[in-house]
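Subject: Structure handover

Hi,

Here is the structure I promised to pass on. Please open it first, then read the notes below.

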Amino acid sequence: MSLRDLPGARERRVATGGIELCVVELGEATRPTIVLVHGYPDSKEVWTQVARQLAERWHVVLYDVRGHGSSTAPVPLRGGFTLEKLTDDFLAVIDAVSPDRPVHVVGHDWGSVQAWEFATVSRTEGRIASFTAMSGPSLDHFGHWIKRRMARPTPRRVGQLLGQGAKSWYVYMLHTPVLPELAWRGPLGKRWPGILERLEKVPPGDYPTASLPDDAAHGAWLYRDNVRARLRRPRPDAYAHVPVQLITPTGDIFLSEHLYDELDTWVPQLTRRSLPAKHWVPRTRPDQLASWINEFAAANEAALQGGIPVRDTAPKGAYADRFGGQLVLVTGAAGGIGRATAFAFAEAGARVIAVDRDAEGAARTAELARLIGAPAAWGETVDVSDEAAMEKLAEKVATEYGTVDVLVNNAGIGLSGSFLETTSEDWKNVLDVNLWGVIHGCRLFGGQMAERGQGGHIVNTASAAAYQPSRALPAYSTSKAAVLMLSECLRAELAEKSIGVSAICPGIVHTNITATTHFAGTDAAEEKRLRNRTSKLYGVRNYPPEKVAEAILRAVVRNQAVVPVTPESHTARFLSRLSPGVLRGIARLKPPL
Amino acid sequence: MASRVIDERAPELPGFRDVQRLAYACAEAVAARLRPGVTEREAAGMQREWLRERGVRDWFHLPFAWFGDRTAFTGFKVPLQFFPTNRQLEPGMPFILDVAPVYKGFTAGIGYSGWLGLNPLHDKLLADLEVHRELILREIRERRPLREIYEDVERLMIRQGYANRHRAYPFGVIAHKVGRVAERRWSPQVFGFGTQSLKGLLSDAVHGHRDGWSPLWSPHRFSGHPPRPGLWAVEPHLGFRGTGAKFEEILVVTDSRDPEQSAFWLDDDLPHVRRWAEERVAA
């Protein structure tokens with residue numbers, strides 16, 4: 001490991017079973033220890049960024065698995081990489097770095113496969129405090145998974161088997177003799193960094209290291225020594241004796257999400273997380289991993305000290321696996337859809353920033369969000385149409401709370417009245433909030449997301465009025481149509497940064513927007529009458545903002561582009577594509593006000 | 001008694017106060033006995049039994065109990081859903097007990113919200129009910145139309161971040177009038193409501209309809225009149241994502257010109273009021 005990248009790193013060598021392991025420690029040794037185990041074909045450098053972040057709070061230990069990086073390889077290679085021997089190595093390392101305290105283990109890929117062995121065999125009992133697994137199943141669980149599907153094949157199970165079977169193509173390749181070694185030491189080794197950058201969007205850096213061809217050639221024996229044996233005769237007692245946090249990258253091209261469907265039977269204390277990313281998450285999503293590892297290990301440390309067990313502290317809302325610990329910013333969060341969205345994210349365990357120009361309302365949303373599950377929540381007072389204020393907010397958020405993972409540009413105002421009665425002042429007001437507010441949000445917070453380069457999601461609240469023309473809402477519909485188009489363009493641009501963009505088109509939802517809508521060309525009394533009238537109509541329709549919030553969370557999870565919510569919004573969307581003439585006809589009708 | 005003038009010296013008030021206290025005592029006693037595994041039906045039965053042992057023979061309505069997300073009336077569409085079910089209480093669940101006994105010809109309706117264990121969210125909901133109690137009294141004294149007060153209560157709830165769950169009550173009422181109930185040897189219940197009390201309510205409705213007022217305080221047009229002298233069982237009910245909280249107690253409305261005397265809560269020595277006072281002292 002380049003010690004230059006890891007200030008304060010201390011290297012030592014641990015001898016075990018005739019080989020020497022290269023071990024690096026970071027952070028104060030008096031603190032509880034987290035051991036990071038790398039996968040194939042990696043070396044401990046894969047963890048650099050995660051380790052650096054964890055070292056602020058923990059004693060972080062990384063080591064090169066035997067035959068990788070600066071560790072020596074067993075002689076002969078055949079039979080030198082069995083899980084039993086890897087467990088010996090692990091015990092030797094933790095005996096050296098944390099002799100009298102259990103450690104938190106984190107494994108990626110083959111590191112995770114190994115660590116499943118550590119977490120399920122009896123000789124490590126009492127030596128491990130928690131285990132965070134990512135992109136690497138237990139071979140024993142995998143063996144049982146296959147057996148169960150072979151024994152009772154249903155179409156779905158056969159589909160899962162074939163799906164995973166196709167994803168495992170490289171495992172068969174690695175079982176052929178000599179050829180993999182030749183490939184790795186030859187062209188594949190040379191091209192590997194480029195392949196990773198292209199397919200996995202791994203940013204360039206200190207990884208992969210120069211030892212890659214050797215590491216990959218040696219590591220082939222990880223597969224040859226273990227896979228066939230374990231899949232044929234999986235251990236029947238592979239129950240985890242430690243709490244496990246499972247992080248599943250949803251875009252992993254090597255491992256199917258279904259591998260973990262029955263994991264609860266093997267792990268009594270399981271916390272699930274999912275991440276919209278590909279396989280190499282330690283490189284592509286270090287911030288999110290560090291935050292989840294940190295949170296999980298800390299909760300387990302507290303449990304060790306006699307606090308409440310980790311399971312009780314886990315959020316229980318919809319998509320808690322996906323949004324737990326993330327940072328979500330919602331504008332227009334003092335009421336209606338914004339508030340409901342903030343609450344839905346809070347229930348999923350996200351940290352919430354509630355932004356609104358109504359300070360009291362924003363603070364209240366934040367307070368209630370904390371009460372229903374947000375680990376932290378803040379209320380911020382900003383008028384989204386005020387560029388300078390938004391810039392200040394973006395700066396404050398970046399320095400105090402971090403980079404936003406999900407941005408919901410929801411703030412908006414209503415404006416009704418015919419075009420000829422809409423003044424340019426009216427136009428300016430509605431465009432300032434509804435369109436410029438979204439532009440400022442996307443530009444500032446989207447910019448921060450793109451700069452961090454670890455993905456994210458932007459949700460813009462458009463409206464069914466974006467594709468449903470109407471003589472009553474020319475300015476409002478125009479602003480919302482602009483938001484819809486902006487979202488679609490931005491989606492195209494940010495796709496390469498793994499940032500999703502969704503436009504939500506709610507329709508008629510029972511919120512406060514009708515009570516503040518400006519009716520162009522009316523006097524105060526008439527405006528009040530119209531507000532009451534529309535509020536009443538919206539009340540009779542009675543579509544709850546909570547359902548829109550659900551749609552927003554779902555849209556983020558599924559990365560949907562355009563999401564109509566209410567049935568009328570679906571109908572309008574459908575007609576706008578099938579027969580826009582009908583919508584144009586409807587647009588001529590005077591609204592019943 | 002519907003149209004009779006009432007003031008604090010009215011000889012009937014102590015009778016109503018007694019039955020209201022009895023009902024709250026019942027709710028507190030039963031709440032203290034609630035354990036995980038108790039069903040809504042059992043909790044309702046415990047209330048019924050407790051009050052029968054103390055001489056209650058008739059009801060405005062039979063005791064209700066709601067557990068978990070049923071306290072927020074999630075998905076309530078038909079009135080039958082109000083009746084106690086076999087839902088079991090679990091640790092960390094909110095509950096509401098709602099009792100309306102008739103005792104010595106007086107009746108009261110009360111609502112008692114609690115949580116099995118401790119919960120800051122529930123504390124918050126209960127604390128936020130205090131301003132509703134103040135708002136209702138203030139606006140009644142201002143003689144605002146009941147319908148407008150209703151809308152103000154609802155607006156305040158929404159501003160607080162909650163949903164108005166008394167919307168789910170029959171006719172969406174926030175309150176209904178209570179009065180003396182004739183004591184009969186046999187007073188059956190219809191759909192959980194005592195026939196004698198219903199008779200009173202019905203006669204109020206008939207009289208009121210003629211004079212342009214209603215014994216049900218609702219968001220509808222028939223509540224667009226100033227407060228009607230009499231006793232009103234007021235029950236604002238907050239809902240927040242699967243948790244509900246309410247109180248219910250009697251508000252006395254008179255036609256006195258003195259604002260203090262024109263409306264007042266029948267009793268200030270009730271569990272939720274004591275709780276708010278204690279919180280203020282603690283703060």
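Across the interface of domain 1 of chain A and domain 2 of chain A, two residue pairs are in polar contact, both at pLDDT 80 or more. Bear in mind that this is a predicted model.

On the domain 1 side, helix 11 (residues 286–304) of chain A gives the most to the face that touches domain 2, with three residues. By class, that side of domain 1 has one nonpolar, two polar and three charged residues.

Now the charges. The count between domain 1 and domain 2 of chain A is one salt bridge. The side chains of Arg452(A) and Asp287(A) meet in a salt bridge, at 3.7 Å from N to O.

Next, the layout. Domain 1 of chain A covers 3–306. Domain 2 of chain A comes in two pieces, 327–513 and 544–585. Their C-alpha centres lie 39 Å apart.

How many residues of each domain are in contact? Six residues of domain 1 of chain A touch seven residues of domain 2 of chain A.

Then the area. The size of an interface is often given as the accessible area lost when the parts come together. Here the two domains of chain A bury about 490 Å² between them. Of that, 35% is on carbon and sulfur atoms. Lys201(A), Arg285(A) and Asp287(A) supply 73% of the area that domain 1 of chain A buries against domain 2 of chain A.

Best wishes

How values were computed:
Residues numbered from 1 in each chain as written. Chains lettered and ligands numbered in written order. Predicted model: local features only at pLDDT ≥ 70, side-chain atom pairs only at ≥ 80, totals over all residues. Heavy atoms only, no water. Domains from an automatic or database assignment. Contact = heavy atoms within 4.5 Å. Buried area = accessible area lost by both parts, 1.4 Å probe. Salt bridge = Lys/Arg side-chain N within 4 Å of Asp/Glu carboxyl O. Polar contact = N/O pair within 3.5 Å; in protein donor to acceptor, adjacent residues only side chain to side chain. Helix = DSSP H or I, 4+ residues; strand = E, 2+ residues; numbered from the N terminus. Nonpolar A, V, L, I, M, F, W, Y, C, P; charged D, E, K, R; others polar.
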